[in-house]
Amino acid sequence: KYKTVFATKDYILAIGSDPVALVAHLDTVFSHPPTEIFYDRVKNVMWSPDGLGADDRAGVYSILQILKTDLRPTVIFTTDEEYGGIGADVLSQTFPECPIPDLKYIIELDRRGGNDCVFYDCENPEFTDYVENFGFVEAIGSFSDISILCEDWEIAGVNLSIGYRDEHSCSEILNVGQMF
């Protein structure tokens, strides 16, 4: 469904027809995938004693679900975000200018909680207001792949909550309702 795809060991860039890019990272802090995953139907949460890795498996899953619709955003999957955004940095070095025609903004799905929006150094009050109109509340964040991409490509971007909490620990939980 995508005609222009760049796939490397550091990133996958699939250029879509919609003027929005969705970003998630393929790595987690855990060296192995979980062998057991549990789901509590009452609380609508998932967890694993091995560490769930919802940061950022939840973002990747959500983007793949969006692609089952007729929407065709640009999709960016990176590697090694947990180690300083290596994949995003390589992507930015490969494409110093934004390679996505008519791109309006970038949305990363890689934030804890259920309603945070983080803009990093994006000083764009109209964009902030637009995102907050969907029920998100501006929060402070330290780093994510869009910290690199938005600055280098001079494009507005936001990191949105995707439902996990206690990331980077074996007690990480994914609130499935918040993810959806």
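**Close-up views of a predicted model**

**View 1. The largest nonpolar core.** This core has 30 residues, and those with the most contacts inside it are Ile63, Ile107, Phe127, Val131, Val158 and Leu160. A nonpolar core here is a set of buried Ala, Val, Leu, Ile, Met, Phe, Trp, Tyr and Cys residues joined through side-chain atoms within 4.5 Å; buried means under 20% relative accessible area, with a 1.4 Å probe and protein chains only. At least two core residues each come from strand 3 (20-25), helix 1 (54-66), strand 6 (74-78), strand 7 (105-111), helix 3 (125-132), strand 10 (157-161) and helix 5 (176-179). Helix 1 gives the largest share, 4 residues. Helices (H or I, at least four residues) and strands (E, at least two) are DSSP runs, numbered from the N terminus.

Please keep in mind that this is a predicted model: local features need pLDDT of at least 70, side-chain atom pairs count only at pLDDT 80 or more, and totals for chains, interfaces and linings use all residues. Residues are numbered from 1 along each chain as its sequence is written, and side-chain values use heavy atoms, leaving out hydrogens and water.

**View 2. Ile63 and its neighbours.** Not counting residues up to four places away in sequence, Ile63 touches Leu22, Val23, Ala24, Val75, Phe77 and Leu109 (contact means heavy atoms within 4.5 Å).

**View 3. The largest pocket.** Its volume is about 620 Å³, counted as the space filled by probe spheres set on the grid points, which are joined across faces, edges and corners. A pocket is an open set of points on a 1 Å grid over the protein atoms alone, where a 1.4 Å probe fits, with protein on both sides within 12 Å along at least five of seven lines; lining residues have an atom within 4 Å of a point. Of the 26 lining residues, Leu22, Ile66, Ile107, Leu109 and Leu160 lie nearest the centre. Helix 1 supplies the largest share of this lining, 4 residues.

**View 4. The second largest pocket.** This pocket has a volume of about 220 Å³. Among its 15 lining residues, Asp110, Arg112, Phe143, Tyr164 and Glu167 are the closest to its centre.

View 5. Look for 4 strands in the order 4-5-12-11, with antiparallel pairing; two strands pair if DSSP finds at least two bridges between them. Strand 4 (38-40) and strand 11 (164-165) are the edge strands, each pairing on one side only. Tyr164 has Leu174 in strand 12 as its bridge partner.

How values were computed. Buried < 20%, exposed > 50% of the residue type's maximum accessible area, 1.4 Å probe, protein only.
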